[in-house]
Amino acid sequence: MARKAKLRSACQTGAMETLAAFTAYLTDERRMAEKTVEAYRSDLAGFFGFLNIHLGEAPTPRRLGKLRARDVRSFLAQRRRDGLSDASIARLLSSIKALYRWLGRTYDIENAEIAYLQGPKRPQRLPRPVSIEAAKDLIEEAGTNPDSEAWINARDAAVLSLLYGAGLRISEALSLTGADNPTPERLRIAGKGGKVRIVPLIPAVREAVDAYAGLCPYKLGRNDALFRGAKGGALNPRLIQGLLQKLRAVLGLPDTATPHALRHAFATHLLAAGADLRAIQTLLGHASLSTTQVYTGVDAERLRDVHAAAHPRA
């Protein structure tokens with residue numbers, strides 16, 4: 001009886017209602033980030049629009065259950081003709097498969113043809129961390145800018161110290177509040193999708209943040225942003241991105257030396273020093289170990305470069 005009720009519901013639910021229910025599931029149950037949910041919504045809105053013309057009818061859940069693999073391939077082929085890359089095509093297919101997994105749980109609608117569709121293989125893009133020397137130079141240069149006030153220099157050095165010394169995302173560093181002052185030995189960080197992790201802080205990072213807090217001319221209330229802009233408002237991440245752009249020019253570093261490259265460097269340098277991959281996964285707040293494993297490729301690439309440069313027969 002329950003299955004029949006689900007099938008009746010599938011007949012009565014429209015395409016836009018289906019999309020709204022699916023994105024609500026991603027937000028409320030999966031607790032995905034707003035930008036991620038919007039990417040799913042955009043992908044599937046385009047898919048539903050294509051099916052409305054391709055099939056000559058609205059893609060209700062029940063109609064989606066009867067879809068053939070060739071219908072999905074037609075949609076992907078059209079998007080490729082629009083100029084989408086292999087990576088974008090793979091993401092579209094991933095969104096469609098996620099929808100079908102939800103249809104299975106919500107309406108008992110299964111579609112084996114769609115489940116086994118294979119998208120284009122995406123080449124693995126390795127992170128591009130900065131070197132240990134470059135990371136140190138960036139932090140030192142940020143803290144000694146003769147054109148800035150002392151508290152702003154201390155602020156910039158503290159933010160970069162958190163990115164490299166604790167592996168924080170820039171959004172995570174700027175989410176700290178006055179409640180984190182004085183700097184504790186461990187930070188409680190709410191990362192992507194609301195996933196919470198505990199991040200230990202080495203003395204150098206704590207000292208950098210405390211030095212900034214001691215110089216900051218604004219009151220750092222418990223619920224106020226810890227890092228402030230020149231006029232006292234919460235520090236805008238674009239200012240840190242602009243800072244790295246200036247520092248790259250001063251230090252002769254490549255365009256890949258971004259705020260996120262410092263987080264990559266945190267993971268890569270820990271791995272090179274013998275840290276456990278699972279521990280690095282926890283410190284970075286990755287939901288899956290496969291996300292963290294990309295750093296093994298970075299380290300292997302570095303070793304190949306060293307071998308090629310140093311071996312007498314290279």
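How are α2 and α3 oriented to each other, roughly parallel or roughly antiparallel? The two helices are roughly antiparallel, because their axes cross at roughly 160 degrees. Angles under 35 degrees count as roughly parallel, over 145 as roughly antiparallel, 65 to 115 as roughly perpendicular and the rest as oblique. The model is predicted: local features need pLDDT of at least 70, side-chain atom pairs count only at pLDDT 80 or more, and totals for chains, interfaces and linings use all residues. Residues are numbered from 1 along each chain as its sequence is written, and side-chain values use heavy atoms, with hydrogens and water left out.

Helix α2 covers residues 15-28 and helix α3 covers residues 34-55. Helices (H or I, at least four residues) and strands (E, at least two) are DSSP runs, numbered from the N terminus. The axes of α2 and α3 come within 10 Å. Axes are lines fitted to C-alpha atoms, for helices over the stretch in contact, and angles run from 0 to 180 degrees between N-to-C directions. The crossing of this pair is right-handed. A crossing is right-handed if the near helix is turned clockwise from the far one by less than a right angle, and left-handed if anticlockwise. From α2, the residues A15, M16, L19, F22, T23, L26 and T27 meet V37, Y40, R41, L44, A45 and F48 of α3. Contact means heavy atoms within 4.5 Å. The residues of this contact comprise 10 nonpolar, two polar and one charged. Ala, Val, Leu, Ile, Met, Phe, Trp, Tyr, Cys and Pro count as nonpolar, Asp, Glu, Lys and Arg as charged, and the others, Gly among them, as polar. R31 sits in the loop between α2 and α3. R31 is not a glycine, yet its phi is positive, about 55 degrees.

Helix α13 (residues 259-272) packs with helix α14 (residues 277-284) at an angle of about 160 degrees, and their axes are 10 Å apart. The two are therefore roughly antiparallel. α13 passes α14 in a right-handed crossing. On the α13 side, the contact uses R263, F266, A267, L270 and L271; on the α14 side, L277, I280, L283 and L284. Eight of these residues are nonpolar, none is polar and one is charged.

α13 also meets α9 (150-166). Their axes come within 6 Å and cross at roughly 35 degrees. L160, L163, Y164, G165 and A166 of α9 touch P259, L262, R263, A265, F266 and H269 of α13. This contact holds eight nonpolar, two polar and one charged residues.

The second largest pocket has a volume of about 350 Å³. Of its 15 lining residues, S161, Y164, G165, I202 and V205 are the closest to its centre. α13 gives the most to this lining, with four residues. The lining has 11 nonpolar, three polar and one charged residues.

A cis peptide bond joins N181 and P182, with omega about 0 degrees. P182 lies in the loop between α10 (170-173) and β1 (186-190).

Technical notes:
1 Å grid on protein atoms, 1.4 Å probe; cavity = no way out; pocket = protein on both sides within 12 Å on 5 of 7 lines; lining within 4 Å. Points joined across faces, edges and corners; volume = space filled by probe spheres on them.
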